[in-house]
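Dear colleague,

Please find the structure below, handed over for your own work. My notes on what was found in it follow directly after.

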Amino acid sequence: MSTIEMIRDAEMRLRGHARRTPLLSSPFLDEIAGKRVLVKAECLQHTGSFKFRGGWSAVSALPPETRARGVIAFSSGNHAQGVALAAKRHDTPAVIIMPSDAPRMKIDNTRALGAEVVLYDRASEDRDAIGARIASERGLTLIKPFDEPQVIAGQGTTGLEIAEQATEQGIGDADVLICCGGGGLTSGIALALADRAPGLRPRPVEPDGFDDVTRSLASGRIERNDRMSGSRCDAILTPEPGQITFPILRRLCGPGLVVSDDEALRAVALAFSRLKIVVEPGGAVALAAALFHADEIEGDTVIAVATGGNVDAGVFREALERFGD
């Protein structure tokens, strides 16, 4: 299990390697939400998402002889790039298993970082089985995208930064909205906030039709999605919460929130026009919830994590054409 001690250790290993991303604001966004909105811009992290934190944490924690044999990961793109860059900087071979319908930019970027990319059909093939087979055949260490203690620890450093930045701005109570797939980032932030800023309440946010975490929190047991494709928010489409992440989410998080793809695309456009940052739809669902579901959020201040900015040009263009000012 991941612990706050593991997060603190990951923070030390990430020091000098990860960026301390800013907490941004705009009066225009405050007006839409009817409350103060702060955006943790993890889209400005190395590789364009928070996933670099978990990738570095996991690769750097391996014993040198294990790391030298290489690592393998599966991802729709952001975890892929995070692990690929961490492996490259450690001079470690990396194999990344990616869905064939992942954004082309994410596939190309992962290859450009030196990783071997293996594509699969997410609707008909089991990425876990593919990863386990290749790892066994080649002697590679599997780094899971969310259900892995050292990955969760790395993502939890985002929560340490949020706690520090909230304190700097005099914020003691707020909902912290987090774009959520399998729950690695959300559970890591939840652990960090429980230790450093207990007045900040983490809440997962998911796209409509892929709200397994929200339903699981409501029922008290792990719920599974019926499908694995069909949303603009590809970065956060997972079958179900993790076996490691769900107990943490259940213990420390408030109720989940669900937004539509159109709300996510509108948030992409608003993040660009009002904050001057590029966010992908899956990385914008937390901001979408802050802006368009304010009646479901307590207090006068909300913090939304913009988790990633690796968006294909066509999707970004659509967001701006449909919802830009």
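In which strand does R203 lie? R203 belongs to strand β8, residues 200-207; helices (H or I, at least four residues) and strands (E, at least two) are DSSP runs, numbered from the N terminus. Please note that this is a predicted model, in which local features need pLDDT of at least 70 and side-chain atom pairs count only at pLDDT 80 or more, while totals for chains, interfaces and linings use all residues. Residues are numbered from 1 along each chain as its sequence is written, and side-chain values use heavy atoms, with hydrogens and water left out.

R203 is buried, at a relative accessible area of 3% (buried means under 20% relative accessible area, exposed over 50%, partly exposed in between, with a 1.4 Å probe and protein chains only). Its side chain makes a polar contact with the side chain of D175 at 3.1 Å, and the side chain of R203 also reaches the backbone oxygen of E296 at 2.6 Å. A polar contact is a pair of N or O atoms within 3.5 Å; within protein, one must be able to donate a hydrogen and the other to accept it, and residues adjacent in sequence count only if both atoms are side-chain atoms. Leaving aside neighbours within four places in sequence, the residues in contact with R203 (heavy atoms within 4.5 Å) include V176, G254, P255 and I297.

At the start of α7, a side-chain oxygen of D126 comes to within 2.9 Å of the backbone nitrogen of D128. After α7 comes G139, with a positive phi near 75 degrees.

Finally, the lining of the largest cavity draws at least two residues from each of α5 (78-89), α9 (184-196) and α13 (281-292).

Kind regards
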